[in-house]
Amino acid sequence: MILAFTLAGIVLIGVLGFVGRRRPAADLAEWTVGGRRFGAVTMWFLQAGEVFTTFTFLGMAGLAFSGGVAAMYALPYVPIAYVVLFFLAKRLWTLGKERGYLTQGDFLEDRYSSRALGTLSAVLGVVFVLPYLQLQITGLGLIVRLVTGDTASGTLSMVAGSVLVVAFVLWAGLRGVAATSYFKDGIMLVALVVLIIAVPTHFAGGIPAVFHKIEQLHPEKLIVHSGANDHVWFVTSMLVSAIGVGLMTLPHSWPALMSARDPKVLRRNYAWMPVYELCLLLPMVIGFAAILVVPKGSDPNGVLLTLSKDALPGWVTGIVVVAATATAMVPAAGILIGISSLVARNIVRVRSGRRQFWINHGTVVLASTLALVLGIFRPDLLANLLLLTYSGSVQLAPANLLGFLRRVPVGKGPVLAGLVAGELVVLWLTFVDTHLVGTVNVGLVGLGANVVVLALTAAVAPRRTALVEAA
């Protein structure tokens with residue numbers, strides 16, 4: 001029955017994505033940013049829902065189960081980032097409207113008059129976000145496998161979900177993502193409310209009882225203690241995440257922002273979205289409940305669904321699984337739009353708008369196929385690269401921040417030098433000397449090197465490259 005619910009949910013999401021298209025996309029701008037005509041409600045679900053992916057639905061419960069209150073590093077960084085975006089969004093949207101930006105690569109190329117910087121930022125964006133795409137697709141299979149115990153069913157769901165995502169993305173573009181976002185956030189909130197009531201009540205007698213028992217049996221879970229998730233990890237991970245989100249370093253966040261009807265829509269949403277993000281607490285509470293009943297050493301990513309199966313009737317668990325499926329499929333669609341737009345606009349450069357459109361669509365198929373094949377046959381191949389999604393992409397923060405200014409104070413040389421230095425430091429600390437900085441988030445160390453190299457290079461750069469006229 002649960003498998004039937006899941007497959008029905010996958011098909012429903014695909015149908016909603018198809019319905020999102022109102023007219024054939026005349027060009028890449030219409031497909032990528034919906035013609036820049038989205039109002040407040042649509043923008044709310046596009047942007048606020050970006051935070052709720054497979055990782056936050058299942059992973060936050062898992063992180064609370066394994067790391068206790070260390071999981072709460074995710075609570076402050078989103079509101080902090082949205083405060084920053086409240087002030088930056090108008091500037092960025094206005095530039096995008098006037099200059100025709102669709103991607104982060106467009107922005108950096110134009111602001112620094114550098115095709116090299118536009119191309120490099122696009123390549124880095126694809127490299128860092130492709131593992132995140134695979135995570136969504138692999139998570140879809142994990143969800144079904146956990147609740148059915150059948151690996152074949154998980155693979156079937158991955159294939160079906162990927163095919164439908166590709167189909168509605170090609171057909172409807174960002175409008176398809178917007179249409180499915182309504183459903184995703186709605187069913188996810190319903191599932192979380194049911195879980196937050198049923199699971200603690202079933203296993204402990206209520207939410208207060210959960211934390212009372214943890215205080216008695218596992219008091220170490222209620223403090224940030226020494227180890228992999230210590231105070232240093234908590235603070236530095238929060239900072240890196242806040243900088244990355246607040247300065248728009250993740251490429252798939254650009255189409256959503258650029259699709260707004262006007263800056264007022266963005267500022268209104270950013271004023272209220274921090275309240276909505278408190279919903280991240282809900283899966284964390286499920287993770288704390290799991291500490292009391294799930295054996296230590298169990299797969300953290302499966303605890304939410306494990307408790308759901310034990311505490312709820314089968315058909316209600318089916319709804320939870322559909323919600324989890326939606327948190328995989330809808331973000332995957334948004335990521336595909338971000339990746340394909342970077343490739344078509346900033347990596348494979350063609351003059352013909354029609355050819356650009358076809359390259360974009362071909363990239364959607366290629367990227368999703370690659371993520372699906374690796375998810376099925378080599379699920380761990382890109383696992384290490386996933387570590388770079390935030391720490392690697394945050395290295396674009398200095399370039400973005402300086403580009404937001406009315407008058408860009410440095411040329412392309414210092415920005416490129418700082419970016420390369422930051423990425424090299426992150427790669428070294430992630431894959432070579434993994435213990436050099438202890439539990440400090442390597443993205444923050446790389447960002448420090450990035451800023452130092454940028455500043456030193458700018459100080460010795462010729463005067464003629466020191467200023468770039470702004471729009």
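Mentor: Some ground rules before we start: residues are numbered from 1 along each chain as its sequence is written, and side-chain values use heavy atoms, with hydrogens and water left out. As this is a predicted model, local features need pLDDT of at least 70 and side-chain atom pairs count only at pLDDT 80 or more, while totals for chains, interfaces and linings use all residues.

Trainee: What makes the radius of gyration agree with a compact globule?

Mentor: The radius is taken over C-alpha atoms, and the globule rule is 2.2 Å times the number of residues to the power 0.38. For 471 residues the rule gives a value near 23 Å, and the protein chain has 22 Å, so the two agree. Along the principal axes, the C-alpha atoms fill a box of roughly 70 × 50 × 45 Å.

Trainee: Why is Ala40 called partly exposed?

Mentor: Buried means under 20% relative accessible area, exposed over 50%, and partly exposed in between, with a 1.4 Å probe and protein chains only. Ala40 has 22%, so Ala40 is partly exposed. Across the protein chain, 56% of the 471 residues are buried.

Trainee: Which residues is Ala40 in contact with, leaving aside its neighbours within four places in sequence?

Mentor: Contact means heavy atoms within 4.5 Å. Ala40, which lies in helix 3 (residues 40-48), touches Arg261, Val265, Arg268 and Asn269 in this sense. For the protein chain, 86% of the contacts with a separation of 6 or more are between residues 24 or more positions apart.

Trainee: What makes Phe18 and Trp171 a tilted aromatic pair?

Mentor: Rings of Phe, Tyr and Trp (its six-membered ring) pair if their centres lie within 6.5 Å; planes under 30 degrees apart count as stacked, over 60 as edge-to-face and the rest as tilted. By this rule there are 12 aromatic pairs. Phe18 and Trp171 are 6.3 Å centre to centre with 40° between the planes, hence a tilted pair. The pair links distant parts of the chain, with Phe18 in helix 1 (residues 2-19) and Trp171 in helix 8 (residues 151-172), 153 residues apart. Phe18 is partly exposed at 33%, and Trp171 is partly exposed at 41%.

Mentor: Tyr82 and Tyr270 also form a tilted pair, at 5.5 Å centre to centre and 40° between the planes.

Trainee: Why is Tyr82 called buried?

Mentor: Its relative accessibility is 4%, so Tyr82 counts as buried. Tyr270 is buried too, with 4%.

Trainee: What is the phi of Met248?

Mentor: Phi of Met248 is positive, about 60°, although Met248 is not a glycine. Most residues other than glycine have a negative phi. Ser113 also has a positive value, near 50°.

Trainee: Is Met248 buried or exposed?

Mentor: Met248 has 3% relative accessibility, so Met248 counts as buried; Met248 sits in the loop between helix 11 (231-246) and helix 12 (254-258). Ser113, in the loop between helix 6 (104-112) and helix 7 (115-148), has 55% and is therefore exposed.

Conventions:
Helix = DSSP H or I, 4+ residues; strand = E, 2+ residues; numbered from the N terminus.
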